[in-house]
Amino acid sequence: MLQRAGCRRLPVAVESGSEKIRKLLKRPFDVQRLLEINKDLKKFDMAVHYAFMMGFPTETEEDLNESISLALRLLHENPKADTSFNIYTPFPGNELFEIAVKYGMQVPKRVEDWVSFNYRNLTQGAPWLSKEMRHLVEMLDFCQFFIGKRPFLQPYEKTSPWVSLLSHAYAPLARMRVKHFWSQFPIEMKLAKLLRLYGKQE
């Protein structure tokens, strides 16, 4: 019915591959059923976009690894699928926000102070995460754009052939970083920020 209605892109909010984190988010679902549905969707003429989040309060490297493993499996088992990972951003009115405050996040006192809260940056340095987790989240936020079969750099490719060439050349290293959780020596990320290709406030 969706295909007959003209649907060409189906977004699915997975959020996390970790059962512990999904319970914290109050978003229970059956991972095996999700994997079955993902395979079934291959026969339809629509792209499936699986949205994940990372950097949650109490999230560990093991939790994050479960999310990455699930995302990679979804990509592998459905060539029409793509994924994205956004960084958790605390906003008031829920349990996660209170946990972030408990770990040291300063609640903004003015409306203007909320401007820096966005899903491409670690809010106030994410005091609820360990130093190692912060490095991992920053690495994954950058490398995620290169791990799928259809990179998210399409907008850049239309305007900059150099960025397109560099992105395709860098993709194998990005996939290696993600697969092995290798966040050391992020020279390419610092260079991309310096050239204002990544990490800009939205």
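The legends below describe close-up views of a predicted model. Local features need pLDDT of at least 70 and side-chain atom pairs count only at pLDDT 80 or more, whereas totals for chains, interfaces and linings use all residues. Residues are numbered from 1 along each chain as its sequence is written, and side-chain values use heavy atoms, with hydrogens and water left out.

View 1. Y50 counts as buried because its relative accessibility is 1% (buried means under 20% relative accessible area, exposed over 50% and partly exposed in between, with a 1.4 Å probe and protein chains only). Leaving aside neighbours within four places in sequence, the contacts of Y50 (heavy atoms within 4.5 Å) include V12, V14, L34 and A81; the C-alpha atoms of Y50 and A81 are 7.4 Å apart, although 31 residues separate the two in sequence.

**View 2. The largest nonpolar core.** This core has 52 residues, and those with the most contacts inside it are Y50, F52, L64 and L140 (a nonpolar core is a set of buried Ala, Val, Leu, Ile, Met, Phe, Trp, Tyr and Cys residues joined through side-chain atoms within 4.5 Å). Helix α5, residues 131–143, supplies the largest share of the core, seven residues.

**View 3. Contacts of F52.** Not counting residues up to four places away in sequence, F52 touches a set of residues that includes V14, L70, L74, T83 and F85.

**View 4. M176 in helix α7.** M176 is placed in helix α7, residues 161–180, and is partly exposed because its relative accessible area is 36%.

Note on methods. Helix = DSSP H or I, 4+ residues; strand = E, 2+ residues; numbered from the N terminus.
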